[in-house]
Amino acid sequence: LITLRRSRKADFLGKKSGQLRAKGGAKMGHNRNIFSAKKFNGRRRLGPLACLSSGALCTALACGAVFAQGTSLSGAGGATGAQIKEVLGLDGRDAKSLGAGMHFKLGIVLALTGPGSYYGRIQGNGAKLGIAQIKAAGGPDIELVFKDHKSADAQAGARAARELGIEGISAVLTSYVGVIGAMFPGLAQYKMLALDGGGGTSDFGQGKPYFWGMRAIEPDDDFIGALKYWKATDPKIKRVSLVYIDQGPANEIVINNFNKALNATDLQLASGEVTAIGATDYTATISRLKAANADAVFLFTIGVDTGYFMKQFANAGLTMPVIGAENVPDAAKVAGRAYDNYMFATDWFDSKKPINPWSKLFLKSYVKEFNLEPEIYAANYYEDAFAMWDLIRRVLSKGGNVNSGEELQNVLMTNPKFQSVYGGSATEVGTIELDTTTHTVTKRSLGVYKYNNGEPIEVATFGIGGIDFKLTK
Amino acid sequence: VSIEQIEQLTLAGIINGSFYALLGAGFGLVLGVTGRFHYAFALVFTFAAYVASVLETEFHLAVGLAIFAGLLAALVLGVAIEHLVYRPLAHASGALSLLTIFISSLGITIAGINLITLAWTAFSRTIQLIPVQPLHFGGVSLTTLDVLIVVLSWSLTIALTAALRFGDLGRAIRAARGNPYLARVIGLDPDAIYLSVFAISSVLCGVAGILEGARYAVQPNMGIRPVVFAFVVAFLGGTRSAPVVVGLAGLFIGLVESLSGLFVSPQWSSLVVFSVLFIYLVLRPLELRAFRAHALSALPSAES
């Protein structure tokens, strides 16, 4: 068999080489023609060459014009460095103080796979836009080191913290409240400064070493705004049910805080219903709500679960008002028309109503970059990337080491205040302020929103603790 | 606890139970006849829903055509998995095939779900099967889609039972399930029968996937929980029982899951279901032994 195969191979090669030789001979015979063709082609190429030269000249001129305004790097959504510096009040700062030319590794732990991958994608978009704009504004070259926590897998979270720590990374953007607490020991061990713009500190992450929440506590900070809204708009509402996801030991804190908010607004608790994260069938919960005979429902479910709940709530014929703690467009898609009865109270980024100059720039560049309107999770991770840059600048101004999580946290403790795309005014960017003991926000703009024809419309605004509650006219 | 609450939860139990009946009948058929632990049932379930949804919402295909394409996709995927993965593995791993097939099935599911996410993103999709209208009877409520789920699930389960009992292919399947050696002796080809079983099971799974997509949403991980329930139902009903018996086990599971909401928080309903399975396996270990013996007996047919 081997001999047969070899002889066949030789035959094949022989034929092939013969064919090649024949082709080579033919080519030799037409050398002159080829040469002439080359000359002809050379003349024909002069046209495109001229076009290319003109194009290059035009590009150079255009670049000159752009450089005059400041550069816009790819991924920055068309925002120029000059625009970013102007908005953030960084004009006139020297390159060194901005961290130009420096390479900085920033960990980012998101739900890249699993049911929460919706969040991961949006949060990643925000962070990517943030680091591109930071570089365009003359800041450091920030490299995002992505880790997947597989949608709240505690082991994946703990592993992410360990891997980032071993890599010597000093700062990290986390989500799902430090992946439901599993990252806390790793953050403390490796002294990594973590900012969580996804879930804030929640109730169980308050005061944890190196862990800081960059948004209002969900749902606790939202309760008071929702209840004040009902109090102001519907006097018939007396008894309110709370439907909330199971957070283990934090459940008691959630229900206690809800009771406190009810007492503050002179309302009563009708019932408290715990549901599983990722549930799809809410028949039993809805049946319990019917039995409780509540006048209204506060809903704390996350992600697309809210859509399932609202769909089944409407199909069950229930019409009592529902205010949730969260809103994601994916849930709206799942619920369809049933979402038109949905309201939510949270620190939502309202892309229909950007308030301050930075939020306007963010909105414009995000839409340009991703062809998608930004919402809370994109906005939070965007501004958190900038908060990290702010800390880097502060450490640099002190001549410190930006690769030390401890030094980054020290400058944060000295001044726990950052610029924000939330709040502010037409001329001033907003601010977010943190508590140095609980590591949670003390100043943040929140609002109550109502869905109308598939769009959330602001109906009230309030601050942490329900301060400055105002109905929107 | 009010009467109205009991009525509502019983109705919800019947709806969910009917859905579990359909899933259990499809899963139990593969488990009982081939002895393969077909975890990739979850992927077939998801894939059918995705194909139907994409064709309906993006390509604006008529809903009937989109469903047909979804079921065809499920059939092709199920048969391909058996033909290209399970059968060669069964040949190669002999007595360990139960484990290797389960692990490969798990791998296919994870890879498939990730590919679906890559192709169609993790965003939820919808299927508009029929206009969904709420129906209220006294204090209880359901939707037109719930009615469709109950009717379709039981129609298919009963049709499958009848086909297995009276049809030629059904008799061949029962023969291969009973004794693959003897089936071969009388001129049947167990390998071809296994492919038919995968085809039937995949179509049933596809129907369940599309119904689930219409009821809730189409998502990459939508098949994981149903496949676990399908396993519980198939085991509880008996891996060698008629589909309608497996269906009744599904109904029982649906009612237990739903009515447990009267006594415990809904988040613990899955725990109640698995407790039922655990108690059953403790009280009736024979079922487990019979399945293991059958799984091993099915091997030579593939090897020959």
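This is a predicted model: local features need pLDDT of at least 70, side-chain atom pairs count only at pLDDT 80 or more; totals for chains, interfaces and linings use all residues.
Residues are numbered from 1 along each chain as its sequence is written, chains are lettered from A and ligands numbered from 1 in the order in which they are written, and side-chain values use heavy atoms, with hydrogens and water left out.

User: What makes β11 and β13 of chain A edge strands?

Analyst: Strands are DSSP runs of E with at least two residues, numbered from the N terminus, and two strands pair if DSSP finds at least two bridges between them. The open, antiparallel sheet has the order β11-β12-β13 in chain A. β11 (417-420) and β13 (441-443) of chain A each have a single partner strand, so one side of each lacks a neighbour in the sheet.

User: How do you know that β11(A) and β12 of chain A pair?

Analyst: Four bridges join them in the antiparallel sense, and the criterion is at least two, so they count as paired.

User: Why are both faces of strand β3 of chain A called covered?

Analyst: Buried means under 20% relative accessible area (exposed is over 50%, partly exposed in between; 1.4 Å probe, protein chains only). A:Ala171 and A:Leu173 on one side, and A:Val172 and A:Thr174 on the other, are all buried. In a regular strand, side chains alternate between the two faces of the sheet.

User: Which strands pair with β3(A)?

Analyst: β1 (residues 103-110) of chain A runs parallel to β3(A) and is joined to it by three bridges. β4 (residues 193-196) of chain A also pairs with β3(A) in the parallel sense, over four bridges.
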